[in-house]
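Have the viewer open, and follow along one stop at a time.

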Amino acid sequence: MAISSPPTVLVDAKDLTIAYARPDGGSIAVLYRVNLQVRAGEILAVLGPSGCGKSSLLRVLAGLLRPTEGTVLYRGEPLKGPNPGVAMVFQTFALFPWLTVLDNVELGLLAQGVAQDRARAKALEMIDLIGLDGFESAFPKELSGGMRQRVGFARALAVEPDILLMDEPFSALDPLTAENLRTDLLELWLKRRFPTRAIVVVTHSIEEAVFMADRIIVLATTPGRIVDEVRPELPHWRDRRSTQFQQVVERVYELLTGDRARRLAHLKQLIPRLPNATVSMLIGLVELIHDRGNEADLAQVGAELHFDVEDLLPAVEAADLLGFATAHAGDLKLTELGAALAAATVQEKKDIFRARLLETVGQTREIVAQLNQTEDHRMPASGILDELERHFSNEEARRQLEILIGWGRYAEIYAFDELTDDFYLEPGGVPAEAGSG
Amino acid sequence: MSARDPGPALLRTPRAWAADALILGSVAAAFYLLLTLAPRELHRSIPSITIDLRPSALPEYALLSLLRMIAAYIISLAFTLGVGYAAAHNAAAGRLIVPVLDVLQSIPVLSFLPTVLLAMIALFPGQTLGLELGSILLIFTGMVWNMAFSFYHSLLTIPEELSEATRAFRLSPLRRLASLELPASMIGLVWNSMMSWAGGWFFLMATEEFSLGKQSFTLPGLGSYLAEAANKGNFTAIWWGLGTLVALIVALDQLVWRPLIAWSEKFKVELSEGQDVPRSWALNVLRDSALLPACGRALRTISERVQEGRHAPTFPHPPALRPARAALGRALGWPAGLAAVALVLWGALSLLRLIAALPAGQWLVIGAGTGATLLRIIAALSVSLLWTIPAGVAIGLHPRLARVAQPLAQIAASVPATAVFPILLLLLIHVGGGLTIASILLILLGTQWYVLFNAIAGAIALPRDLLEATEVMKVRGWARWRTLILPGIFPHLVTGGITAQGGAFNASIVSEYVTFENKTLQTIGLGALISAAAADANYPLLAAATASLAAIVVIWNRLFWRRAARLAEERYHLG
């Protein structure tokens, strides 16, 4: 898009850190020292696993969220509130159910003080452009998901933003509808049918990013930061089956799963951040890799299962953490233990899983040790939650607690009482060696 | 899942108790201030009003009652919007307001009836204005809490992305209120307004005709008409009065509430289209006429004019941006807070000193009264549960029965128990049973509907697949009740029980002490103690009895209903 002169920097985000305060006075960063520029003429994709702060990053660019540290400049001016140059498209559309399509599209214009008749004309033009004509007086609930998101696009484009921010705009749609809408948007963009100068799209779909973007920013978690930047440098329209396209996809997969030494170093800490995968997902993945001869290409597995990074990566990380598999250069390879797990009976699977869980996840040992110190082998989860909150944001600490409950229950290391929020040991079901771990 | 939110029960209990203590202290202080206003003796300065029992007088009485209700409702709505908005938008205000509302809504307001009316009579000697204001104030306190909670809760549960959209598109606070916050809370506001009106009629009837000893305080209205008719044993007048009341309530239901509910459907936040959409013939008529669109256009023009004075929003709560304002707030906040705490302490201590003057023997009387009242309430609640659970489940599981029974039950439930009470008393005193039975019946009348409607709602909400599963597995009879129906409707029964209990306490207070055919009848109970103490100007006893009642209700809610609600939420929550 950019012609010969260097592209204008529309948004310049410098040293962004987003941190939440911990009860003990410290803080937990969800995003750490991120530098990012949005340049005129580009589609910028922000890609990363869940919990990497990509949505928070988008909200900082939109001026909806104030960064703990760092500044966001829009055309050289620091933001003091909602960014005047952006419009936003939301994952769940964020349409006002009690307003008609036309009223929804007009809303942003009226809020900016555009006169009613001009707002109406502009809204009708956008409705026409985005392929919604005939639906002006319909209410959002009468529309299909794809049409609803079209309203979201029309509403955003109506205010003629410099930058269009999109927060996983296609992820709530079925694959066919998503593809249809994505193609339409890209076509309007490539044909310059609206005056917006840059698009930032947050996504967890690697294919989507490679298909649309001029630049892909890859984020890693704990805390979220930029791992690298990938430029597909392929002409539009891009052929997903082409070798060049697949090479870019592979490269992104490598960035996301690679960097293994660093991740394991982090996981080996006393309190590792457990990936948000259920035991079924983990064992399902291990069995799948086992069926393919104990080694498989992750990009391929993801494409076959129609899994996004969000779905697949936690299970990969969990398998890696527990020593059932190793991820390297976009491939996942089972360890001997992993192969044994895949071949085991239901009860043996539990035994293997229990042993690995107690060995690698210190929190489970801690819970058992604390339970063994109480007379009735019962204690409230609040103590463990407090402990977790010293390492994670409150929301993440709750998630970690749930993962600990889910994994530990499957392994029969401890049980959990939903009603009283207590951890307890099942009489007779306690692995004797667990207490000393 | 409990692990998601272990906050309330695990971590906040001590603070909740502290908050309760503080709030009860404030209520005590307010109560003490009211008591200091109350006259030492009841002077007969209120012009006595004779109630005209001819049917031709009824339209005027109905109008007067309706006006009292409307006045109380307008105050409630203003309070709801102001306080709910403040609580949702200001974290500090929310921390104060929410527990206050929570305690206030659980205290039986009618226990303040004698005190409030005495204070109002003293403030406006020789006029009925004090009585009118006292009546409206009591109706207001019966109406407002659930509305305020509903609005506050709606504001808090606005989907995050919608609220972000209003900021991303830079809507002014006023436009935000008009296009997001009011619409999003509309359904809850309409339903709760309707419930508040039902509760309001109950209070209205109790406050229009009110006696202490030989002195009776009468406001012209439907409630006093019915009381007078029963007092005179005039059955023709009783039927005319009841007919008017029911006609008024049904008319309001058809002409105001049904249309409002059908209209508010469009404010559903979910985007999916429901199966069972409320409908209203009155709304259809309105929609067909040209009047409504014209009004809409006019309103729109006005609101656009108003919106022109908007300003650009900034980051929410930017601490760095407004140091001056924050410092000012602190400077003003501390002395004001200290003054408030001092006032609360002074009031609570004064009340305690007053109560301390009570002879020890009187505490035994209060204890016996409390026990009697509690027993009566438990009896009434048990009878309610016994008949409403089978009836409600039958109605809920059989749509054809529901079509006949539900409207009938709704009409029956719409008649405020306090309106029927004088008639009930008239029958029971002559047939036998007296006030003890009559008061249980009154409590039953006032509470059973809450349980019935919740049992119906619970049965309707039982998932189809679970019902089919029990049929396929041939789980029948008691086993079916035990495994599916009772656990499935349990959360609804808890909701119904909490509401019913609130109504029960209020009903017990007005039913234990009555003046009838120029005789004062009373039975053992806290309500009787409160009324008798007010009649004798025995303020230490009045204070002690009222305080005991408030404390018992709050403790009972915390110890029993909170746990039941938590159990319902965690173990028996369907879907």
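This is a predicted model: local features need pLDDT of at least 70, side-chain atom pairs count only at pLDDT 80 or more; totals for chains, interfaces and linings use all residues.

Start in chain B, where the axes of helix α3 (residues 58-89) and helix α6 (residues 129-156) come within 7 Å and cross at roughly 35°. Axes here are lines fitted to C-alpha atoms, for helices over the stretch in contact, and angles run from 0 to 180 degrees between N-to-C directions. Helices (H or I, at least four residues) and strands (E, at least two) are DSSP runs, numbered from the N terminus. The crossing of α3(B) with α6(B) is right-handed; a crossing gets that name if the near helix is turned clockwise from the far one by less than a right angle, and left-handed if anticlockwise. The contact of α3(B) with α6(B) splits into 21 nonpolar, four polar and one charged residues.

Residues are numbered from 1 along each chain as its sequence is written, while chains are lettered from A and ligands numbered from 1 in the order in which they are written.

The crossing of α6(B) and α8(B) is right-handed, and their contact holds twelve nonpolar, 14 polar and two charged residues.

On the α19(B) side you will find F490(B), P491(B), V494(B), I498(B) and F505(B), meeting V553(B), W561(B), A564(B), A565(B), A568(B) and E569(B) of α21(B). By class, the contact of α19(B) with α21(B) has ten nonpolar, no polar and one charged residues.

## Chain B as a whole

Zooming out, chain B has 21 helices and four strands. Of its 575 residues, 40% are buried, meaning that 20 or more other C-beta atoms, placed from the backbone, lie within 10 Å of a residue's own; exposed is 12 or fewer, and partly exposed is in between. Take contacts in chain B between residues at least 6 apart in sequence: 79% of them join residues at least 24 apart. Two residues are in contact if their C-beta atoms, placed from the backbone, lie within 7 Å.

Is G361(B) buried or exposed? G361(B) is exposed, with 7 other C-beta atoms within 10 Å, and it is found in helix α14 (residues 360-397) of chain B.

## The cores

Next come the nonpolar cores, each a set of buried Ala, Val, Leu, Ile, Met, Phe, Trp, Tyr and Cys residues joined through C-beta atoms within 7 Å. The largest has 141 residues, and A45(A), V200(A) and V252(A) touch the most other members. Not counting residues up to four places away in sequence, A45(A) touches several residues, among them V201(A), A209(A) and M212(A). A second, separate core of 136 residues includes L110(B), L381(B), V510(B) and V514(B).

## Stops in chain A

P169(A) sits in the loop between β7 (163-167) and α5 (175-190) of chain A. With 27 C-beta neighbours inside 10 Å, P169(A) counts as buried. Leaving aside neighbours within four places in sequence, P169(A) is in contact with V89(A), Q91(A), Q149(A) and V201(A).

Last, some backbone details. A cis peptide bond joins H236(A) and W237(A), with omega about -10°; W237(A) is in the loop between β10 (225-230) and α7 (243-257) of chain A. R33(A), in strand β2 (residues 27-39) of chain A, has a positive phi of about 50° although it is not a glycine. R33(A) is partly exposed, with 14 other C-beta atoms within 10 Å.

Notes
Ala, Val, Leu, Ile, Met, Phe, Trp, Tyr, Cys and Pro count as nonpolar, Asp, Glu, Lys and Arg as charged, and the others, Gly among them, as polar.
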